Amino acid sequence: MAITKIKCRNSGLKEAIEYILNENKTENQILTARNNCDPGKEYRQMMDTKEYHGKTDGRQCYHAILSYKPGEITPELALQIAKEFTEEHPRDYEVVIAVHTDKKHIHSHLVWNSVNCVTGEKYHVSNGDYYRKIRAVSDRLCRKYGLSVIVQGDEPSKTVSYAEWLRQSKGQPTFRSMLEADIRSAIEDANSLGEFYMIMEHLGYEIKHGNRLSFRLRGQERFMCPGRKNPLFTEDNILAAIQNNLDDIEAGLKPAVAYRPAYEPYRKHLKYTGFLALYVHYLYILGKIEKREYPPRMTPEMRKAVMKFEQLREEFKFLRENDISTAENMTAYKAKAEEMLTGLIKKRTILNVRKRKRQKLYTALADVETLADVPRLSAEGVPCLEGETRRYSEAISVLEKSGIDRETLKREKAELYSQLAELNRKIRTIRKNLKMCVEISERTPKIERDIQNAEPIRKKRQSQVR
């Protein structure tokens, strides 16, 4: 079980080297090695490199730590892995290596100069470099020697949290694949959208509802939106997958549609007037425009309209379904929609108040579920779990003091989350429709002008054909 950390130091280069070369920790420096520098001259040679290239200020060195599960590795093998590590990363930097055996878990320390001794370039590590380079090299070497792999960041908020660390140990190397795997698992276990959200929260995720559904693990800086890459993971399609079978949807055997409209018998449409007639005419013109006709025969506004053809069709569908053909109809619809929106927001506020009153219990329930493996891992000697152990104990204490059965609390939480999810969906739909009303009102005069400009061209073409 290999845990990698990296620390950046702006001072204390000499102290860092002296610390890792401590004779009491390295069996009289038997378990030490150097790369591009000599024993006893490490600090001086690193400073000479800095002075030669004129880069003595700023970042001084980097300090990496490779830790292993107690009993999983020998000191000699740990030293060998550290040597092979420095042969690949960081190359051409002066590095000091030391294996410490003073604790139950054997761990290697690597301190390297911030300035490349060949090129004079300063070493830089970003979050992406950490995952692509340092972690990748460490993981591959551990697998080479048959060791299990777990990755732990030095600063959880910028690298990885405990929850991600735990899931990576189960063979899910990237956050995206881990997130998608957890979503699939939650879909299989959930009976409703609210229960899905509860399960995801219990897996350690924070959820952001908006135009796109986003997730992040506790401790991460940014949310990730899986629906951007895979439409199966949008909120509507997650609901569809819960109600149907995800495998069938992916195979194309079932449509990924969240809601089926009720059957309506065919009825002949009345003659379109007002907005509807305008949109029908405009869509007809745009549908007849061929690519070879523009730019010479089209105005810039018409070219933009062609690009927004699907949006215009959606607006036409909205007008037809809500029987909006005049400005008066539009005003009446907006008034009714705003009234509904106000009522839904009030209901959501009431539910959010209930949620806030129970938030401490809901958070404790999520912590107990997320950190369920912490006591066992801590007992096995896995380092760096003090914060998680404390959080788990506090969560257990909160639930015990509440006197509420966990299963009862889960059902209550799932029901509340379901109601909130449904209200949020309705609110988003109404807001989208209100926004569409504004766009239609603003677009109508432009459509009329474009039709007027297009008519002479159409008539001219008809006369040429004749």
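Author: An angle under 35 degrees counts as roughly parallel, over 145 as roughly antiparallel, 65 to 115 as roughly perpendicular, and the rest as oblique. Angles run from 0 to 180 degrees between N-to-C directions, and axes are lines fitted to C-alpha atoms, for helices over the stretch in contact. Helices are DSSP runs (H or I, at least four residues), numbered from the N terminus.

This is a predicted model, in which local features need pLDDT of at least 70 and side-chain atom pairs count only at pLDDT 80 or more, while totals for chains, interfaces and linings use all residues. Residues are numbered from 1 along each chain as its sequence is written, and side-chain values use heavy atoms, with hydrogens and water left out.

Helix 7 (residues 193-202) and helix 8 (residues 235-243) have axes that come within 10 Å and cross at roughly 105°; the two helices are therefore roughly perpendicular to each other. Contact means heavy atoms within 4.5 Å. From helix 7, Leu193, Phe196 and Tyr197 meet Glu235, Ile238, Leu239 and Ile242 of helix 8. By class, this contact has six nonpolar residues, no polar and one charged, where Ala, Val, Leu, Ile, Met, Phe, Trp, Tyr, Cys and Pro count as nonpolar, Asp, Glu, Lys and Arg as charged, and the others, Gly among them, as polar.

Phe196 also belongs to the largest nonpolar core, which has 64 residues; Ile183, Phe196, Met200 and Leu319 touch the most other members. A nonpolar core is a set of buried Ala, Val, Leu, Ile, Met, Phe, Trp, Tyr and Cys residues joined through side-chain atoms within 4.5 Å. Buried means under 20% relative accessible area, exposed over 50%, and partly exposed in between (1.4 Å probe, protein chains only). Helix 16 (residues 406-465) supplies the largest share of this core, 15 residues. With residues up to four places away in sequence not counted, Leu319 touches Phe275, Leu276, Tyr279, Ile324, Met330 and Ile440. A second, separate core has 26 residues, including Ala64, Tyr68, Leu110 and Leu147.

Asn433 lies in helix 16 as well. Asn433 counts as buried because its relative accessibility is 17%. Apart from neighbours within four places in sequence, Asn433 is in contact with Phe318 and Tyr333.
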